[in-house]
Amino acid sequence: MKRAAPRGPGELPAHLRERLRWVGDRTDPDVRADPTGWWHDGELLAQLGPALAELFREASPTVIVGPQSRGVLLGALVAVHLGVGLVELVKDPCPAADSDAWLQVTTSPDYRDRQLRLGARRALLRAGERVLFVDDWVATGAQVEAAHELVERSGATWLGAAVVVDGAERSHVRRAVSVRSLLRLRDL
């Protein structure tokens, strides 16, 4: 199968909009975004890591942090592009043993009105590291705020949050955690 010619970086927002699907039935109270078309398109997938890294070009992160599951997928793309490591933020972590030290925080209610525990192995987030958070979407900001708190507890330096879509419902969240995005919700 012949692949289409690569699109330029200026075409990325249009390509993202093309591959995003909204799902929901007429009787549903709302519709939800389905970004799985982004993962299916190899050309688009190859552009996401470099594009998200570019949002914080001047920051020089030493590690990327991404929440399960989409944040880890995108975070890995950014980490590989930058040649740095990745720390997975696990939802509802269960340490394997008493000696398995974790940093954990509880989120405020998320877009599904859930409060989650997020955690990372203490040995993977160290003082002196420069941390960039990566995810697909910010809505309530609950996970990015919790990640920010977790990074501060570790002694590492928070650089900001690189996301595909900024749909932050509270503008102070955007400023407090330095959200930068490829698209804003209103662009969709």
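Tutor: V134 touches L52, I64, V65, G66, P67, G71, L74, G75, V78 and A162, leaving aside residues up to four places away in sequence; contact here means heavy atoms within 4.5 Å. The model is a predicted one, in which local features need pLDDT of at least 70 and side-chain atom pairs count only at pLDDT 80 or more, while totals for chains, interfaces and linings use all residues. Residues are numbered from 1 along each chain as its sequence is written, and side-chain values use heavy atoms, with hydrogens and water left out.

V134 is among the residues of the largest nonpolar core that touch the most other members, together with L16, W38, L48, L52, V164 and L182; this core has 27 residues. A nonpolar core is a set of buried Ala, Val, Leu, Ile, Met, Phe, Trp, Tyr and Cys residues joined through side-chain atoms within 4.5 Å. Buried means under 20% relative accessible area, exposed over 50%, and partly exposed in between, with a 1.4 Å probe and protein chains only. Two or more residues of this core come from each of α1 (12–19), α2 (36–40), α3 (42–54), α4 (70–82), β7 (130–138), β8 (157–166) and β9 (179–184). Helices (H or I, at least four residues) and strands (E, at least two) are DSSP runs, numbered from the N terminus. The most is given by α3, with 5 residues. A second, separate core of 25 residues includes V105, A146, A161 and A168.

Strand β8 also holds D166. This residue is buried, with a relative accessible area of 3%. Its side chain is joined to that of R184 by a polar contact of 3.5 Å; such a contact is a pair of N or O atoms within 3.5 Å, where, within protein, one must be able to donate a hydrogen and the other to accept it, and residues adjacent in sequence count only if both atoms are side-chain atoms. Beyond four places in sequence, D166 touches V138, R174, V179, S181, L183, R184 and L185. D187 is found in the segment after β9. With a relative accessible area of 37%, D187 is partly exposed. D187 and D166 are 21 residues apart in sequence, and their C-alpha atoms are 9.7 Å apart in space.
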